[in-house]
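Please look over the sequence and the three-dimensional model shown here before reading on. The report after it is meant for someone meeting this structure for the first time.

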Amino acid sequence: MKYLIIMQVDPAVLEQLTDDQQAQIQQGHGAFIAATKESGEFIATQALADPSQSKVVRSSGGQPEVTDGPFVESKEFMGGFYLLDVEDEARAVELALQIPDAGIPGLALELRPVMFADLGEG
C-alpha cells in the first residue's frame with residue numbers, strides 16, 4: 001500500500017527552534033530517508049516552499065484565473081511529504097512516528113492512503 005505522509009508546518013513553531021534543534025530535525029529526516037530507502041519502502045519526498053510563493057488556478061466565470069495565494073485562515077500549511085510503499089497502515093504509522101516532526105509540539109503529520117498513482121514509470 002502506498003501512503004502519503006504530509007508534514008503540516010506551523011512557521012511560528014519553526015521560528016522558535018534553536019539552531020541545535022533545527023540541525024537535529026535535518027539529521028533525523030536524513031536518517032529517516034536512508035532507513036526507508038534501505039528497507040525498500042521509500043518512493044519519494046519533496047519539501048515545499050512557503051505558501052506566500054504559491055499561485056492558485058481556479059475557474060472564475062468559466063475561465064481559468066491565476067491568483068496569488070492560497071490565503072487560508074490557518075497557521076499551518078503543507079510543508080512537504082513522504083510517499084512510501086508499506087505493508088499496511090500500521091507500518092505507515094510506525095514510520096511516521098520516526099519522523100522528527102512527530103516529536104515537536106505544534107507540528108503534525110497526516111497519513112493518507114494513496115488511491116491512485118502514476119509515477120511516470122515506463
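The sections below go from the whole chain to the sheet, the hairpin, the cores and some single residues.

## Basis of the description

This is a predicted model, in which local features need pLDDT of at least 70 and side-chain atom pairs count only at pLDDT 80 or more, while totals for chains, interfaces and linings use all residues. Residues are numbered from 1 along each chain as its sequence is written, and side-chain values use heavy atoms, with hydrogens and water left out.

## The chain as a whole

The chain holds 3 helices and 6 strands, where helices (H or I, at least four residues) and strands (E, at least two) are DSSP runs numbered from the N terminus. Followed along the sequence, these elements give the pattern β-α-α-β-β-β-β-α-β. The C-alpha trace spans about 50 × 45 × 25 Å along its principal axes.

Of the 122 residues in the chain, 27% are buried; buried means under 20% relative accessible area, exposed over 50%, and partly exposed in between, with a 1.4 Å probe and protein chains only. The accessible surface of the chain comes to about 8200 Å², and 51% of this surface belongs to carbon and sulfur atoms; the areas come from the Shrake-Rupley method with a 1.4 Å probe, and for residues only the protein chains shown count as cover. Among contacts (heavy atoms within 4.5 Å) with a separation of 6 or more, 77% are between residues 24 or more positions apart.

An open sheet is formed by 4 strands in the order 2-5-1-6, with antiparallel pairing; two strands pair if DSSP finds at least two bridges between them. Strand 2 and strand 6 stand at the edges with a single partner strand each, so one side of each has no neighbour in the sheet. From one strand to the next, the twist averages 20 degrees.

Within this sheet, strand 1 and strand 6 are joined in the antiparallel sense over 6 bridges, and I5 has L111 in strand 6 as its bridge partner. Helix 2 lies across strand 1, strand 2 and strand 5, and runs at about 25 degrees to strand 5; axes are lines fitted to C-alpha atoms, for helices over the stretch in contact, and angles run from 0 to 180 degrees between N-to-C directions.

## The hairpin of strands 3 and 4

Strand 3 and strand 4 run antiparallel and are joined by 6 bridges, with S59 standing opposite P64 in strand 4. The hairpin has 2 residues between the strands, and G61 takes a positive phi near 65 degrees in it.

## Nonpolar cores and an aromatic pair

A nonpolar core is a set of buried Ala, Val, Leu, Ile, Met, Phe, Trp, Tyr and Cys residues joined through side-chain atoms within 4.5 Å. The largest one has 12 residues, including Y3, I5, M7, F32, F42, Y82 and I99. Strand 1 (2-9), strand 5 (77-85) and helix 3 (89-96) each supply at least two residues of this core. Apart from it lies another core of 5 residues, among them V13, L17, I25 and I104.

The model has 1 aromatic pair, by a rule under which rings of Phe, Tyr and Trp (its six-membered ring) pair if their centres lie within 6.5 Å, with planes under 30 degrees apart counted as stacked, over 60 as edge-to-face and the rest as tilted. F32 and Y82 form this edge-to-face pair, at 4.8 Å centre to centre and with 65 degrees between the planes. F32 lies in helix 2 and Y82 in strand 5, so the pair ties together parts that are 50 residues apart in sequence. Both F32 and Y82 are buried.

D101, in the loop between helix 3 and strand 6 (108-113), counts as buried at 7% relative accessibility. Leaving aside neighbours within four places in sequence, D101 is in contact with M7, I25, H29, L107 and L109.

Q27 is found in helix 2 (residues 19-39) and is exposed, with a relative accessible area of 57%. S54, in the loop between strand 2 (42-47) and strand 3 (55-60), is partly exposed at 23%. The C-alpha atoms of S54 and G69 are separated by 5.5 Å, although these residues are 15 residues apart along the chain.
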